[in-house]
Amino acid sequence: YNYDLGKDTCFDITIIDPLGPNQHKLLTTPSTWAQHSDNIKIQKYSKLCHESNFRFIPLTFSSLGNLSAKTRAFIKLLASDISTNTETDENLQYRYMVTTLTQTILSANVTHLQKDPDFNQHPLPPTDMEATAFVDDSLD
């Protein structure tokens with residue numbers, strides 16, 4: 001996909017489940033899980049993409065609705081381009097995109113959990129500011 005700075009860009013999309021049994025216990029909040037996932041993907045694919053003259057962007061989503069910092073940054077880039085091409089507010093575009101993605105992820109997660117016979121057995125994950133706020137208000 002030719003998007004980032006005119007270079008072909010490879011994406012790796014990951015959805016992590018903080019409620020899953022395989023999550024590392026030292027990672028205490030949804031945002032640290034997302035950052036950890038980004039770091040693993042960067043270590044795995046960044047050099048390979050760079051050697052092929054591609055850029056690499058990991059896109060990490062949590063089943064709790066969190067987005068990694070790199071995912072939010074990419075969405076901000078998309079929102080900026082959309083607002084430029086449609087003459088709409090960049091912040092509004094960003095909020096719409098993040099809210100829509102988050103609601104879709106949360107809806108899919110609820111549907112999945114309702115089908116799980118051990119639904120009441122799942123421990124509640126630790127929370128952080130990102131888990132309670134769907135939208136990052138800052139446009140760095």
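How many salt bridges does a search of the whole structure find? The search finds two, a salt bridge being a side-chain nitrogen of Lys or Arg within 4 Å of a carboxyl oxygen of Asp or Glu. This is a predicted model, in which local features need pLDDT of at least 70 and side-chain atom pairs count only at pLDDT 80 or more, while totals for chains, interfaces and linings use all residues. Residues are numbered from 1 along each chain as its sequence is written, and side-chain values use heavy atoms, with hydrogens and water left out.

**Salt bridges**

- Asp 12 pairs with Lys 41, their closest N and O atoms being 3.5 Å apart.
- Asp 12 lies in strand 2 (residues 7–16) and Lys 41 in helix 1 (residues 30–51), so this pair ties together parts 29 residues apart in sequence; helices (H or I, at least four residues) and strands (E, at least two) are DSSP runs, numbered from the N terminus.
- Asp 12 is buried at 14% relative accessibility, and Lys 41 is buried at 17%; buried means under 20% relative accessible area, exposed over 50%, and partly exposed in between (1.4 Å probe, protein chains only).
- Glu 51 pairs with Lys 47, with 4.0 Å between the closest N and O atoms.
- Glu 51 and Lys 47 are four residues apart in helix 1, about one helical turn.
- Glu 51 is exposed at 57% relative accessible area, and Lys 47 is exposed at 59%.

**Helix 3**

- The buried residues of helix 3 include Tyr 94, Met 97, Val 98, Ile 105 and Leu 113.
- Strand 3 (55–62) and helix 2 (69–86) are among the elements that cover these buried residues, contact meaning heavy atoms within 4.5 Å.
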